[in-house]
Amino acid sequence: MVVDQLGAPKEVYTQPASEFVFGFLGSANRIEGEVTNGRLAVPGSSIALPVLAAESRHVTAYIRPHELGIERGEGEGIPATVRRVLELGALARVELTTEAGQGYEAEIPQSELAGLALSAGEAVRLVPRALKLFARPAA
């Protein structure tokens, strides 16, 4: 048996030591990109990093659905299109797709959903409030 990480549950969840641990402990959006000048370049866009990262390296970024904000209009973020909105009690799950075909899931409170009034086919921006970067070999 191999143990990837030992620690208190909160520590392992918030500071996973590997991609496996991050994915094992809950849903996650996964993006491959490159860190340059404090930004994460992803297919079709680049976003300012909410965390410090080493420069000029290929990374895989993981974003939990509840840490992915949805905004309208011009500005910072990854352009995406709403595919479907699922209302699940106090939360709503929003499924989205980018022009590059990357799928995302965001979880937002019902109060935020009411303010956004999202509908399928609508253009929005995805703004990560937190993410975890893992280095990957250059292609």
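This is a predicted model: local features need pLDDT of at least 70, side-chain atom pairs count only at pLDDT 80 or more; totals for chains, interfaces and linings use all residues.
Me: Why is the contact between Glu 32 and Arg 136 called a salt bridge?
Reply: A salt bridge is a side-chain nitrogen of Lys or Arg within 4 Å of a carboxyl oxygen of Asp or Glu; the closest N and O atoms of Glu 32 and Arg 136 are 3.8 Å apart, so the pair qualifies. Glu 32 lies in strand 1 (residues 29–36) and Arg 136 in the segment after strand 10, so the pair ties together parts that are 104 residues apart in sequence; strands here (E, at least two residues) and helices (H or I, at least four) are DSSP runs, numbered from the N terminus. Arg 30, Glu 32 and Arg 136 are linked in a network of salt bridges, and a search of the whole structure finds 8 salt bridges.

Me: What makes the Phe 22 and Tyr 62 pair tilted?
Reply: Rings of Phe, Tyr and Trp (its six-membered ring) pair if their centres lie within 6.5 Å, and planes under 30 degrees apart count as stacked, over 60 as edge-to-face and the rest as tilted. The centres of Phe 22 and Tyr 62 are 5.2 Å apart with 40 degrees between the planes, so the pair is tilted. Phe 22 belongs to helix 2 (residues 19–24) and Tyr 62 to strand 4 (residues 57–63), 40 residues apart.

Me: Why is the pair of Tyr 62 and Phe 134 given its own label, and what is that label?
Reply: The ring centres of Tyr 62 and Phe 134 are 5.8 Å apart and their planes stand at 80 degrees, so this pair is edge-to-face. Tyr 62 lies in strand 4 and Phe 134 in strand 10, 72 residues apart. Ring pairs link Phe 22, Tyr 62 and Phe 134 into a cluster; Phe 22 counts as buried at 5% relative accessibility, Tyr 62 at 8% and Phe 134 at 9%.

Me: How do you know that strand 2 and strand 3 pair?
Reply: Two strands pair if DSSP finds at least two bridges between them; 4 bridges join strand 2 (residues 39–42) to strand 3, so the two strands pair, and they run antiparallel. Within this pairing, Arg 39 stands opposite Ala 48 in strand 3.

Me: What makes strand 3 and strand 10 edge strands?
Reply: The open sheet holds 5 strands in the order 3-2-1-4-10, with antiparallel pairing. Strand 3 (45–48) and strand 10 (132–135) are its edge strands, as each pairs on one side only.

Note on methods
Residues are numbered from 1 along each chain as its sequence is written. Side-chain values use heavy atoms; hydrogens and water are left out. Buried means under 20% relative accessible area, exposed over 50%, partly exposed in between (1.4 Å probe, protein chains only).
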